[in-house]
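Subject: Structure for you to look at

Hello,

I am passing on a structure that you have not seen before. Please open it first, then read the notes below it.

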2 protein chains.
Amino acid sequence: MSDFSQGLALVISAPSGAGKSTLVHRLLQAFPEFSFSVSCTTREPRPGEQEGREYHFLSRQRFQELMEQGYFAEWAEVHGNLYGTPLESVEAILGRGGHIVFDIDVQGARQLRSSLSSGVFVFILPPSLEELENRLHGRGSDPGGDIANRLEVARQEMREAPRFDYWIVNDYLDWAFDNLRCVYKAETCRSGRNQELYEQLVAV
Amino acid sequence: MSDFSQGLALVISAPSGAGKSTLVHRLLQAFPEFSFSVSCTTREPRPGEQEGREYHFLSRQRFQELMEQGYFAEWAEVHGNLYGTPLESVEAILGRGGHIVFDIDVQGARQLRSSLSSGVFVFILPPSLEELENRLHGRGSDPGGDIANRLEVARQEMREAPRFDYWIVNDYLDWAFDNLRCVYKAETCRSGRNQELYEQLVAV
């Protein structure tokens with residue numbers, strides 16, 4: 001009964017090549033009720049992007065100041081740009097009962113575990129190490145040596161699996177998606193997340 | 001990571017009139033993998049019933065001896081006969097990774113909470129107290145005074161709701177069943193229940 005009236009922070013992570021983003025995309029299509037928290041970034045706005053809609057665009061110096069103040073639930077550097085999720089906007093959404101999905105790498109998930117301890121942590125796994133290797137080859141863009149490197153990174157990332165609440169094997173996409181959908185629906189049925197129901201039926 | 005390699009004990013309970021048994025019946029039809037634990041009873045065998053198949057048929061004295069020895073995960077007296085679930089047979093099924101459903105009243109669920117603390121406890125709720133009253137009237141077999149009494153019992157039983165892990169409102173049957181199915185599937189995805197996967201993918 002710890003999360004009374006709190007929304008759900010669903011944190012979805014995976015080793016490289018496990019097929020996480022396709023699953024998250026299907027989840028967002030099936031459940032339009034998910035809220036988005038607008039992230040901060042140091043990269044330049046692209047044509048059509050608006051401050052405060054796609055991102056808050058910050059200077060590197062301002063980003064780093066906020067980072068040092070513990071402003072971000074998680075942050076990462078990707079291709080030389082910094083990206084971060086403001087903790088206060090996440091908390092505001094959860095506080096009014098909204099749900100949020102995080103599609104995030106293993107490092108980011110580790111950061112969220114300390115800043116958002118009430119989150120539900122889901123790890124997407126490949127059906128086997130052989131299949132993971134096949135998938136990395138299938139992407140076709142990497143030379144062999146880089147694949148060996150990425151496979152080793154994925155194995156390291158999989159060692160984080162015990163820290164997650166749920167494991168979903170992405171073998172057949174429809175089956176994996178059904179499990180992900182079930183994790184979400186089941187978590188919304190958690191007794192602690194249904195204060196209104198409690199007041200209406202139980203506390204009378 | 002507490003239930004490593006353990007099966008799932010899914011304990012489904014509800015106040016009278018919430019429609020629990022229909023939901024449990026659909027769950028068992030959809031998931032034939034559930035194991036059954038053979039219960040003990042003091043009632044006479046009916047034609048066609050076999051000792052050890054439908055029930056273990058015991059004398060009242062023998063049942064009460066076992067009861068005092070803590071042999072039962074839960075027991076109850078119904079229409080003058082005693083019924084009980086042997087804890088050791090439940091533990092044997094869970095120990096080999098099998099899943100069990102308990103379709104049980106609120107009293108029985110309370111007993112199971114102490115004997116099977118690793119169980120997953122699901123409470124089926126009516127959509128409102130008015131609807132619960134309508135359903136009790138709809139059964140047609142009770143005079144009005146009895147309905148008032150059963151409604152009061154149901155209200156008492158609903159006070160137990162916070163002790164359950166999940167709440168499912170049985171408003172539309174298909175929707176309630178989908179939620180129940182999701183609770184079951186999500187719980188099978190719990191990281192702690194997937195030792196084989198762990199050994200195959202992570203502990204390599």
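A word on helix axes before the notes: an axis here is a line fitted to C-alpha atoms, for helices over the stretch in contact, and angles run from 0 to 180 degrees between N-to-C directions. Please also keep in mind that this is a predicted model.

Helix against helix

With that definition, helix H7 (residues 173–188) of chain A and helix H7 (residues 173–188) of chain B have axes that come within 8 Å and cross at roughly 110°. Angles of 65 to 115 degrees count as roughly perpendicular, and H7(A) and H7(B) are therefore roughly perpendicular to each other. On the chain A side, the contact is made by A:Asn179, A:Cys182, A:Val183, A:Lys185 and A:Ala186. H7(B) contributes B:Asn179, B:Cys182, B:Val183, B:Lys185 and B:Ala186. Sorted by class, this helix contact has six nonpolar, two polar and two charged residues.

How the two chains are related

Chain A is superposed on chain B by a rotation of 180° with 0.0 Å of shift along its axis, and the RMSD is 0.0 Å. The two copies are thus related as by a two-fold rotation axis. Which residue of chain A comes closest to the rotation axis? That is A:Cys182, whose C-alpha lies 2.1 Å from the axis. A:Cys182 is also one of the H7(A) residues in the helix contact described above. Both copies use the same surface, as 100% of the contact residues of chain A recur in chain B.

The whole contact between the chains

Chain A puts 28 residues into the contact, and chain B puts in 28 residues. On the chain A side, the elements that give two or more residues are strand E9 (166–169), H7 and helix H8 (195–202). H7(A) gives the most, with five residues. The side of chain A that touches chain B divides into 19 nonpolar, five polar and four charged residues.

Inside chain A

Chain A has eight helices and nine strands. Its radius of gyration is 18 Å, close to the 17 Å that the globule rule gives for 204 residues, so chain A is as compact as a globular protein of that length. Along the principal axes, the C-alpha atoms of chain A fill a box of roughly 65 × 45 × 30 Å.

The domain assignment of chain A gives domain 1 (1–33 + 98–204) and domain 2 (37–96). The C-alpha centres of these two domains lie 21 Å apart. Twelve residues of domain 1 are in contact with nine residues of domain 2. On the domain 1 side, helix H4 (residues 106–115) supplies the largest share, five residues. By class, that side of domain 1 has five nonpolar, seven polar and no charged residues.

Regards

Methods. Residues numbered from 1 in each chain as written. Chains lettered and ligands numbered in written order. Predicted model: local features only at pLDDT ≥ 70, side-chain atom pairs only at ≥ 80, totals over all residues. Domains from an automatic or database assignment. Contact = placed C-beta atoms within 7 Å. Helix = DSSP H or I, 4+ residues; strand = E, 2+ residues; numbered from the N terminus. Nonpolar A, V, L, I, M, F, W, Y, C, P; charged D, E, K, R; others polar. Parallel < 35°, antiparallel > 145°, perpendicular 65-115°, else oblique. Least-squares fit on C-alpha atoms with pLDDT ≥ 70 in both. Rg over C-alpha atoms; globule rule 2.2 N^0.38 Å.
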